[in-house]
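Here is a short briefing to keep beside you while you look through the model. Take a look at the sequence and structure, then read on by topic.

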Amino acid sequence: MAKGKYAEWTTKEALLKLEGWARDGLTDEQIAAKIGIRRPTLYDWKNKYSDISDALKKGKQVVDRQVENALLKRALGTVTESTTYKMVKLDDDVLEVKRQRFLNEYKLEHPELSMEELTMAAIEEVPTYEKIPIMVNKNQLAPDVSAQIFWLKNRKPDVYRDQSFKSLNEAQARKAKAEAEIKEAEALEAKQAADNTGEVMIIDDIPED
């Protein structure tokens, strides 16, 4: 592993990029591919260099928290909002002012453009219609049982584990106990048999007078 390759990813800009990739939900394998290294190399970097490890952890913690919050809202139920818009044509005076303002700002960023090119850019970027919100719709989402089960099974697995797994574990425990008792009984029987082979039996077959 070349030191130069690692050094490229310890700058402030590179670390922010790593954090952003992790925040976007990319896996370590995908991040390694973007860097141009193999996944084991990224794993080695994470173990050796705290800057890279911290950047990746920070990005993933943000995503984990977002997913956790979304799951909690879905489990408990939430209210979503959607907005209905109306397209309204701008007055000619308003449209002219908006396009002139855009043209002036765009000219500062692109001084090499001609007035004709600046005017065309203003026409393309400033539409003749404006989107006006007219209504906010609220939708009540009922609590999701599947989300509740998933949350509880992961947060409190000792209490909310699958009953099938619980029954299986109990059955396996009973089986193991029965097998242990059988082996203990067999061992006791074998011991008694061994003891009996060492006994001396005296049989008196002389009849009494």
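**Confidence and ground rules**

This is a predicted model, and the protein averages a pLDDT of 82, with 86% of the residues scoring at least 70; pLDDT is the predictor's confidence in each residue, from 0 to 100. Residues are numbered from 1 along each chain as its sequence is written, and side-chain values use heavy atoms, leaving out hydrogens and water. Because the model is predicted, local features need pLDDT of at least 70 and side-chain atom pairs count only at pLDDT 80 or more, while totals for chains, interfaces and linings use all residues.

- Confidence is highest in helix H3 (residues 28-35), at a mean of 92, and lowest in helix H1 (residues 3-7), at 70. Helices (H or I, at least four residues) and strands (E, at least two) are DSSP runs, numbered from the N terminus.
- Over residues 200-205 pLDDT stays under 50, and the model has zero contacts there beyond four places in sequence (a contact means heavy atoms within 4.5 Å).
- Where pLDDT is low, the predicted coordinates should not be read in detail.

**Aromatic pairs**

- Searching the whole structure gives two aromatic pairs. Rings of Phe, Tyr and Trp (its six-membered ring) pair if their centres lie within 6.5 Å; planes under 30 degrees apart count as stacked, over 60 as edge-to-face and the rest as tilted.
- Tryptophan 9 and tryptophan 21 make a tilted pair, 5.7 Å centre to centre with 45° between the planes. Tryptophan 9 sits in the loop between H1 and helix H2 (12-23) and tryptophan 21 in helix H2, so this pair ties together parts that are 12 residues apart in sequence.
- Tryptophan 9 and tryptophan 21 are both buried; buried means under 20% relative accessible area, exposed over 50%, and partly exposed in between (1.4 Å probe, protein chains only).
- Phenylalanine 102 and tyrosine 106 are stacked, at 5.3 Å centre to centre and 15° between the planes. These two are four residues apart in helix H6 (residues 92-109), about one helical turn, and tyrosine 106 is partly exposed at 24% relative accessibility.

**Salt bridges**

- The count comes to seven salt bridges, each being a side-chain nitrogen of Lys or Arg within 4 Å of a carboxyl oxygen of Asp or Glu.
- Glutamate 19 and arginine 23 meet in one of them (3.4 Å, N to O), and both lie in helix H2, four residues apart. Glutamate 19 is buried at 13% relative accessible area, whereas arginine 23 is partly exposed at 36%.
- Lysine 46 pairs with aspartate 28, with the closest N and O atoms 2.7 Å apart. Lysine 46 belongs to helix H4 (residues 39-48) and aspartate 28 to helix H3, so the bridge ties together parts that are 18 residues apart in sequence.
- Asp28 and Lys46 are also linked with Lys60 in a network of salt bridges.
- Aspartate 44 bridges to lysine 48, with 3.4 Å between the closest N and O atoms. Aspartate 44 is partly exposed at 25%, and lysine 48 is exposed at 53%.

**Surface patch**

- Val88, Ile132, Ile134 and Met135 form a nonpolar patch on the surface, with about 330 Å² of accessible area together. Patches are made of residues with over 30% relative accessible area and no salt bridge, joining like charges within 9 Å and nonpolar side chains (Val, Leu, Ile, Met, Phe, Trp, Tyr) within 5 Å; accessible areas come from the Shrake-Rupley method with a 1.4 Å probe, and for residues only the protein chains shown count as cover.
- Strand S2 (residues 129-141) gives the largest share of this patch, three residues. Isoleucine 134 is in strand S2 and counts as exposed at 51% relative accessibility.
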